[in-house]
Amino acid sequence: MLNDDRVVVWFDIDNTLYPSSSRISQAMSDRIHAYFVNLGLSHEEATALHIQYYTQYGLALRGLIRHHDIDPLDFDRQCDGSLPLEDMIKFDPKLVKLFEDIDRTKARVWALTNAYKPHAQRVLRILQLDGLIDGLLYCNYQVKDFICKPEAEFYNLAIQQVGITDRSKCYFVDDSFRNVQAAHALGWGKCVHFCEKGHDLTVNGNLVNGLENGEMDSPIQRISSLEELRDIWPEIFKDYE
């Protein structure tokens, strides 16, 4: 790995590798909201804190740990772990073909997610991508004060994991502009914001994603389909000459 000079293509998982029509984002939001309410908060307080913690800490869970002393593994079981993913998403041959067409003599492919390992592995397995990625970097809920996107420490850990020093060799696609913007600021070479048409992240009807501050003037490219990566990053695909 230390002598591997191939570029590394990083894919976010949730809301990037499956369509918004799966309703996973809404199902996650509903479960997280219920978790807040079960702590004794009103629905209004739960909604406000959910948005605040997501915005401030990158994950609502991190705010819950810091301010409510909850067990992150219990949170994972009740939220991500309770999602009937097998009924919500399915194998997409077009997506698998996209991954298969990446030239592995030129690029390594990793998943970079703010989810915990079991959820990330479930999604990749259902989508039949688990055999098409070289590695997975996830948020370790068992570590006190664990790090996540968009914190610089998480991206630094990522490049340490793959053993590269040239950050310009990192390609990255994520549905969160904040996450992509953070990687771009750290010198990651090819950063793309994926925003599926008609899909924005909401918490109980409140918009917390989409065209975010600074995006209109940003050099970061925006796509609505992962197939567009073939045109934006042609050099990493097998048919590139």
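Visitor: Which helices do the buried residues of H3 pack against?
Guide: This is a predicted model, so keep that in mind throughout. The buried residues of H3 pack against H1, helix H2 (43-57) and helix H4 (72-78).

Visitor: And which residues of H3 are buried?
Guide: H3 covers residues 60-68. Ala60, Leu61, Arg62, Gly63 and Leu64 are buried there.

Visitor: What comes after H3?
Guide: Aspartate 69 follows H3. Its phi is positive, near 55 degrees.

Visitor: Let's zoom out. What domains does the assignment give?
Guide: The domain assignment of the protein chain gives domain 1 (7-20 + 89-236) and domain 2 (24-85).

Visitor: How far apart are their centres?
Guide: The C-alpha centres of domain 1 and domain 2 lie 22 Å apart. The two are in contact: 28 residues of domain 1 meet 26 residues of domain 2.

Visitor: Now the sheet. What's the strand order?
Guide: The order is E3-E2-E1-E4-E5-E8. That makes an open sheet of 6 strands, with parallel pairing.

Visitor: Which strands sit at the edges?
Guide: Strand E3 (135-137) and strand E8 (221-223) are the edge strands. Each of them pairs on one side only.

Visitor: How much twist is there from one strand to the next?
Guide: The twist averages 25 degrees from one strand to the next.

Visitor: Which helices pack on the sheet?
Guide: Helix H8 (residues 152-162) is one of them. H8 touches strand E1 (7-11), strand E2 (107-112), E3 and E4. The direction of H8 makes about 140 degrees with that of E2. Helix H9 (residues 177-185) packs on the sheet too, touching E4 and E5. The direction of H9 makes about 175 degrees with that of E5.

Visitor: How do E4 and E5 pair?
Guide: Strand E4 (residues 170-174) and strand E5 (residues 190-194) pair in the parallel sense, over 4 bridges. Aspartate 174 stands opposite histidine 193 in E5.

Visitor: Is E5 enclosed or open?
Guide: E5 is largely enclosed by the rest of the structure, because 4 of its 5 residues are buried. The chain crosses from E4 through H9 to E5, and this β-α-β crossover is right-handed.

Visitor: And what about E5 with E8?
Guide: E5 and E8 also pair in the parallel sense, over 3 bridges. Valine 192 stands opposite glutamine 221 in E8.

Visitor: New topic. Where is aspartate 12?
Guide: Aspartate 12 lies in the loop between E1 and helix H1 (24-38).

Visitor: Buried or exposed?
Guide: Aspartate 12 has 5% relative accessibility, so it counts as buried. The cut-off for buried is under 20%.

Visitor: What polar contacts does its side chain make?
Guide: One is with the side chain of threonine 16, at 2.8 Å. Another joins the side chains of aspartate 12 and lysine 149, at 3.0 Å.

Visitor: Which residues have a positive phi although they are not glycine?
Guide: Asparagine 15 is one of them, at about 65 degrees. Aspartate 145 is another, at about 55 degrees. Most residues other than glycine have a negative phi.

Visitor: Where do asparagine 15 and aspartate 145 sit?
Guide: Asparagine 15 is in the loop between E1 and H1. Asparagine 15 is buried, with a relative accessible area of 11%. Aspartate 145 is in the loop between E3 and H8. Aspartate 145 counts as exposed, at 51% relative accessibility.

Conventions. Residues numbered from 1 in each chain as written. Predicted model: local features only at pLDDT ≥ 70, side-chain atom pairs only at ≥ 80, totals over all residues. Heavy atoms only, no water. Pairing = 2+ DSSP bridges. Helix = DSSP H or I, 4+ residues; strand = E, 2+ residues; numbered from the N terminus. Axes fitted to C-alpha atoms, helices over the stretch in contact; angles between N-to-C directions. Contact = heavy atoms within 4.5 Å. Buried < 20%, exposed > 50% of the residue type's maximum accessible area, 1.4 Å probe, protein only. Right-handed = clockwise from strand over helix to strand, strands pointing away. Polar contact = N/O pair within 3.5 Å; in protein donor to acceptor, adjacent residues only side chain to side chain. Domains from an automatic or database assignment.
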